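Have your viewer open and your selection tool ready.

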Amino acid sequence: MNETTETATRKRALSCIQPSGALTLGNYLGALKNWVQMQDDFDCIYSVADLHTITVRQEPAKFRAQIYSTCALLLAIGLDPARSILFVQSDVPAHAQLSWVLGCYTQFGEMSRMTQFKDKSARHAENVNVGLFSYPVLMAADILLYQADFVPVGADQKQHLEIARDIAVRFNGLYGDVFTVPEPYIPTTGASVKSLQDPTKKMSKSDENPNAWIALLDTPEDIMRKCKRAVTDSQARVCIGEGKDGVNNLIGIYSALTGRTPAQIEAEFDGQGYGVFKQRVGEAIVEALRPIRERYADYIADKAELEAIYRAGAERAAKIAGRTLGKAMRKIGFAF
Ligand code: TYM
């Protein structure tokens with residue numbers, strides 16, 4: 001992508017992921033798979049959102065390692081630095097700057113209604129910090145700085161996207177067309193992958209039970225074991241249905257990986273028990289993740305190359321972000 005001779009026909013996609021631990025199958029199916037595909041049709045900007053991650057206390061050495069490993073994984077899934085901008089959020093100071101500005105155009109009441117804030121403050125009751133509260137404002141800054149048309153995310157980020165849109169519309173209403181109002185880009189299958197142990201909850205790396213989630217770097221043996229142990233029900237019928245959260249989730253995963261519809265999947269497993277079904281789901285996951293694991297090993301082995309890639313990305317990102325930040329600040333009246 002060339003940000004100076006940008007073509008009017010290509011829309012811009014932007015998204016970010018937190019380096020808060022191992023990435024999961026939920027991250028992959030809900031967001032990352034689209035990130036890769038969108039490179040064909042959009043100008044893409046992707047970032048490792050490290051500033052967001054310190055809303056929960058991090059151990060320094062581990063945090064640094066997670067930033068590297070997240071960058072390596074993004075390359076391993078197929079993000080191409082020749083086509084897309086890849087960078088680490090804290091390398092571009094405009095994110096923190098615009099976040100402060102936008103915070104002054106966001107209401108306390110709006111932030112209080114965010115479900116992720118309510119969930120996370122309940123889970124980390126000992127550290128309900130102001131960053132956790134204003135997190136969606138930083139996220140709005142991430143998006144609006146790049147004039148993104150589309151934001152590929154899983155369903156859990158929809159509420160944050162709506163706030164980003166509200167902030168953009170409000171700011172534009174006061175000062176004219178400063179920000180592009182972004183649209184969420186949510187996949188039809190895999191938008192909300194559930195825990196394998198409690199399928200009423202989303203699959204999350206912060207789940208204490210490691211059998212509840214599949215990491216992109218899990219070994220094939222781990223993946224097969226976790227699938228075999230996945231919670232289902234006593235009906236022994238592979239079909240979508242009410243009260244069948246576990247089976248619905250596995251059908252969703254299989255559908256996202258194979259492109260088959262739930263009806264085709266029901267037909268494929270007609271008359272067969274859950275044992276065969278879980279085996280097949282496990283194999284589909286193993287095959288999808290195998291090349292990612294292999295490529296990851298190469299990327300993580302060369303830290304210097306990795307760093308060169310994301311620092312170059314930050315330079316390109318900073319140019320775009322700087323233009324938007326300058327425009328917004330001048331509109332407000334800063335002598336910028
Ligand atoms: P994060 O790091 O929690 O997750 C990254 C992406 O993965 C999606 N996702 C899921 N999708 C389906 N099923 C699941 N179980 C699942 N778990 C995670 C998320 O929806 C997300 O798209 N606040 C964001 C990061 C962020 C951001 C941004 C995103 C910061 N700034 C600007 C978009 C634009 C977050 O914590 O995602």
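A polar contact here is a pair of N or O atoms within 3.5 Å; within protein, one must be able to donate a hydrogen and the other to accept it, and residues adjacent in sequence count only if both atoms are side-chain atoms. You are looking at a predicted model, where local features need pLDDT of at least 70 and side-chain atom pairs count only at pLDDT 80 or more, while totals for chains, interfaces and linings use all residues. Residues are numbered from 1 along each chain as its sequence is written, and side-chain values use heavy atoms, with hydrogens and water left out.

Stop 1: Select Asp156: one of its polar side-chain atoms sits 2.4 Å from a ligand oxygen atom. Next pick Gln18, where a polar side-chain atom is 2.9 Å from an oxygen atom of the ligand. Val193 uses its backbone instead, with an N or O atom 2.8 Å from a ligand nitrogen atom. The protein covers 97% of the 710 Å² of accessible area that the ligand has on its own (Shrake-Rupley method, 1.4 Å probe).

**Stop 2: helix H8.** Select residues 158-175: H8 has 18 residues and spans 26 Å from first C-alpha to last, close to the 26 Å expected at 1.5 Å a residue (1.5 Å times one less than the number of residues). Which residues of H8 are buried? Colour His160, Leu161, Ile163, Ala164, Ile167, Ala168, Phe171 and Asn172; buried means under 20% relative accessible area, exposed over 50%, and partly exposed in between (1.4 Å probe, protein chains only). Look down the axis of H8: the buried residues fall within an arc of 165°, so they line one face of the helix (the arc uses directions from the helix axis to the C-beta atoms). Just past H8, Gly176 has a positive phi of about 95°.

**Stop 3: two loops.** Most residues other than glycine have a negative phi. Gln147, in the loop between H7 and strand E4 (150-152), has a positive phi of about 50°. Finish at Ala236, between helix H9 (220-228) and helix H10 (245-258), with phi near 55°.

How values were computed. Helix = DSSP H or I, 4+ residues; strand = E, 2+ residues; numbered from the N terminus.
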